[in-house]
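Morning, everyone. Please look at the model on the screen, and I'll walk you through one part.

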Amino acid sequence: MNELILVRPSAQYAEQVMEYRAEMLANGDTLDGCAGLEDVSCFSEWIDFDNRLKRKYGDGYVPSDVFLAVRRSDLRVVGIADFRHPLSEFLLRFGGSIGYSIRPSERRKGYASQMLALLLVHCRGFGEKRVLLTCDGNNAASQKTIIANGGVLENEIPDTVGLGSSGVIQRYWIEL
């Protein structure tokens with residue numbers, strides 16, 4: 001398997017991030033875990049996470065650490081992950097500590113599980129003892145990724161905020 005590394009977004013990856021956005025949207029995917037990439041038209045807008053997301057969410061804003069999952073062999077951006085901390089009431093109920101996605105052309109290669117494992121190391125570095133991940137009730141790929149990284153299903157709740165397509169949100173905890 002090609003090894004991934006997590007890197008902070010930088011201008012070096014600007015073109016790839018916008019290509020990632022276009023590929024996700026062309027595939028009809030949401031940009032969950034991409035720090036609001038769906039709301040911008042250029043990289044310089046996106047990388048201003050704190051200011052942009054504070055304006056969008058107001059008092060509900062939670063700081064986050066955004067990472068690109070980059071394939072070491074060719075420096076291709078294959079995924080984006082967002083570690084949000086501390087959890088707000090909304091994130092505790094619906095969104096979780098971590099959001100992530102893998103670009104459609106790089107799926108089914110084990111990258112999501114590898115990216116999440118790398119991100120969990122980062123979470124430990126912040127002193128986290130456990131993290132919450134949520135997914136749509138019919139997202140088998142995400143369920144498999146979370147469970148492979150130690151996720152334990154706490155419960156399923158009605159998706160009253162329209163985050164998914166099944167009407168159910170599954171809530172998993174991973175002990176660190």
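Just after helix α5, glycine 127 takes a positive phi of about 85°. This is a predicted model: local features need pLDDT of at least 70, side-chain atom pairs count only at pLDDT 80 or more, and totals for chains, interfaces and linings use all residues. Residues are numbered from 1 along each chain as its sequence is written, and side-chain values use heavy atoms, leaving out hydrogens and water.

Back to α5 itself. Helices are DSSP runs of H or I, at least four residues, and strands are runs of E, at least two, numbered from the N terminus. α5 covers residues 111-125. From first C-alpha to last it reaches 22 Å, close to the 21 Å expected. That expected span is 1.5 Å times one less than the number of residues. Buried residues in α5 include Tyr111, Leu116 and Cys123. Buried means under 20% relative accessible area, with a 1.4 Å probe and protein chains only.

Now the sheet. It is open, with four strands in the order β1-β2-β3-β4 and antiparallel pairing. Strands pair if DSSP finds at least two bridges between them. β1 (4-7) and β4 (98-102) are the edge strands, each pairing on one side only.

Which strand do five bridges join to β4? That is β3, residues 76-84, running antiparallel. Glycine 79 stands opposite isoleucine 102. Phenylalanine 83 has isoleucine 98 as its bridge partner.

Last, β4. Five of its five residues are buried. Ile98, Tyr100 and Ile102 point one way, Gly99 and Ser101 the other. In a regular strand, side chains alternate between the two faces of the sheet.

Conventions. Buried means under 20% relative accessible area, exposed over 50%, partly exposed in between (1.4 Å probe, protein chains only).
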